[in-house]
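Dear colleague,

Please find below the structure I promised to hand over. My notes on what was found in it follow directly after.

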Amino acid sequence: MNSKNKMISHAACVLVGLLLTAFSTTLYAQVRVADFGAVPNDSKNDLEAIRSAIKHLNTSAVKKLIFEAGVYDLDVDDAAKNTALSISNINNLTFEGAVKANKEPATTLLRHYKFKNNLSAKNILYINNCTNFSLKNIIFDNAPRYSTAGEVVANDGKSITVKIFDGNPVLDGSMFYCANSWDLKSKSLLPVESITYGGDVSSKANEYTWHIEGDPSKRLMKLNSPSAASKVHIGEGLSWHYGFNGVQVLFEKCNNLNVDNVWTYNAIGFCMEAQICENIHASNVKIIAPANQLAVGSRDGWKLYACRGTVVMDNIYMEGVRWDGQNVHGSFVWPHQIISKKKIWFKKKYAAAFPIKAGSKIGFWNGQQEVFRIVDTSYVAKLPGNVGGFMVTFTTPVPDFVNASTLCTVYSWNINSYTLSNSTFKNIAGCASIIRNTNVSILNCKFSNVMYPLLIGAAIEEGEGGIPQNIKITGNYFESSGWMARHNVSGAIAIRTQDVNEKLDYDPAKKDLPLPLTTPYMKNITIKNNIIKNCITGINAAGVNGLVISGNQFINVQEKIKINACLNVVNDQ
């Protein structure tokens with residue numbers, strides 16, 4: 001072989017070696033659940049196979065878990081006891097399904113479970129303490145779906161009969177939680193109050209239990225409830241859920257979380273929740289009702305609790321949830337015991353307790369003044385009765401005015417910057433979004449047939465904070481929304497803080513209560529260049545220092561703007 005041929009042969013060997021190395025690197029840089037026996041569309045339980053793939057991730061350097069197109073069956077038996085899939089302490093991981101030609105997700109995780117009423121269901125997917133985690137191209141669903149819908153075909157004043165739509169469950173003995181009335185021609189919520197909620201159903205279980213009427217193939221169900229009969233009419237659509245508890249997808253302590261092209265067809269309780277996560281980017285997330293299904297979940301679409309950093313929600317679509325599309329909040333705390341000038345044992349509402357980050361600030365409210373102190377050390381120290389509590393030491397002495405009734409904002413649980421853009425919220429039997437944090441932009445979104453307002457404001461009595469500041473609501477479209485009051489205010493856009501000793505009020509006759517002057521004012525809120533159409537009230541604001549209303553268009557709105565107890569108002573309408 002001459003020298004030229006030797007050089008060509010050597011180059012070819014090098015090229016083949018590089019290709020084999022690249023192939024090997026690509027092959028082993030990802031784990032396919034198929035390699036562990038998980039095969040979509042075979043109607044076999046894929047749970048253990050997928051768990052084996054996840055277990056392999058814990059012992060390897062692989063950073064991607066791949067699912068093929070199709071349905072993966074996850075049989076959890078008792079959903080109240082068993083989480084389907086759990087991933088903890090793996091950084092830089094991508095959990096990725098397939099896509100269709102139109103880029104919609106093509107992979108479904110379908111939870112099978114033993115049905116019972118009012119399940120407090122565990123998660124289909126739980127992600128804990130995973131930095132740089134990405135969830136892509138996945139649909140979440142349940143079998144049977146935990147809600148149903150149909151048309152009211154009979155109402156004698158004491159009972160109602162509903163013909164259940166094809167594709168929806170017909171379950172004898174199922175209960176009537178979180179029920180709503182629909183206009184079937186437009187497939188939209190009727191502008192009335194919800195028929196049932198949660199605790200009201202549990203306390204009257206006999207009245208709110210459905211039974212199959214006659215031949216099951218006729219898909220007729222009957223409810224012997226005079227209360228329900230008084231609220232619905234023949235020809236209306238009716239949706240309801242079988243319970244109101246649970247979190248379907250839970251992210252906890254995940255910094256730099258990315259969620260893309262993730263859909264939910266049905267949820268038991270909350271569709272998704274993120275707790276104490278820092279920096280979240282989400283796009284193309286859909287909470288969507290398939291054909292003939294009116295409702296998706298009995299609680300929030302995606303709750304963000306005690307998160308921080310930067311949150312961007314772009315091109316989000318949410319429909320058919322019983323409570324709020326997105327609820328963004330942390331928690332207030334109050335001094336339980338002042339240990340020393342630099343140390344306080346704090347308490348909070350309810351039991352949930354997450355660490356307060358050292359170096360973060362806590363704001364102490366004294367009327368309209370907020371005084372800050374920096375956290376030196378902190379640890380969870382619950383109070384008797386499983387009440388959330390925290391022992392906190394500060395770098396400098398706390399203010400002299402601090403006492404047991406002092407309202408305190410924990411900025412470790414406050415998102416620094418929140419943007420919601422190019423998104424759609426429709427047919428939501430709650431608020432489209434509840435904002436209780438600072439530095440918020442809501443841009444170019446569409447809100448239609450949403451029962452309660454787009455709500456800005458803390459809920460002090462409920463312990464949900466903080467006090468909103470620096471809010472921009474710009475370039476959005478609102479239609480047929482806000483007919484029910486939240487925080488005792490109604491309207492397409494409502495701004496008001498719920499004060500201490502003031503309960504949430506669902507009675508429209510008792511809306512628009514005056515705001516107590518002791519409540520901390522929200523600051524710097526701009527509502528500009530929005531279109532508000534077919535609403536009873538357009539903008540309803542109370543308790544703001546620095547309110548700008550400009551360039552908004554009102555079409556068929558009975559009362560365009562209501563302002564109560566606000567300071568430094570610019571109203572160019």
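The protein has an accessible surface of about 22,700 Å², and 52% of that area belongs to carbon and sulfur atoms (Shrake-Rupley method with a 1.4 Å probe; for residues, only the protein chains shown count as cover). Please note that this is a predicted model, in which local features need pLDDT of at least 70 and side-chain atom pairs count only at pLDDT 80 or more, whereas totals for chains, interfaces and linings use all residues. Residues are numbered from 1 along each chain as its sequence is written, and side-chain values use heavy atoms, with hydrogens and water left out.

Of the 573 residues, 55% count as buried (under 20% relative accessible area, 1.4 Å probe, protein chains only). The C-alpha trace spans about 95 × 75 × 50 Å along the principal axes. Among contacts with a separation of 6 or more, 69% are between residues 24 or more positions apart (contact: heavy atoms within 4.5 Å).

The largest pocket holds about 1,100 Å³ of space (on a 1 Å grid over the protein atoms alone, a pocket is an open set of points where a 1.4 Å probe fits, with protein on both sides within 12 Å along at least five of seven lines; lining residues have an atom within 4 Å of a point; the volume is the space filled by probe spheres set on the points, which are joined across faces, edges and corners). Its lining comprises 42 residues, and Phe270, Arg299, Lys303, His329 and Glu464 lie nearest the centre.

Yours sincerely

Conventions: Buried means under 20% relative accessible area, exposed over 50%, partly exposed in between (1.4 Å probe, protein chains only).
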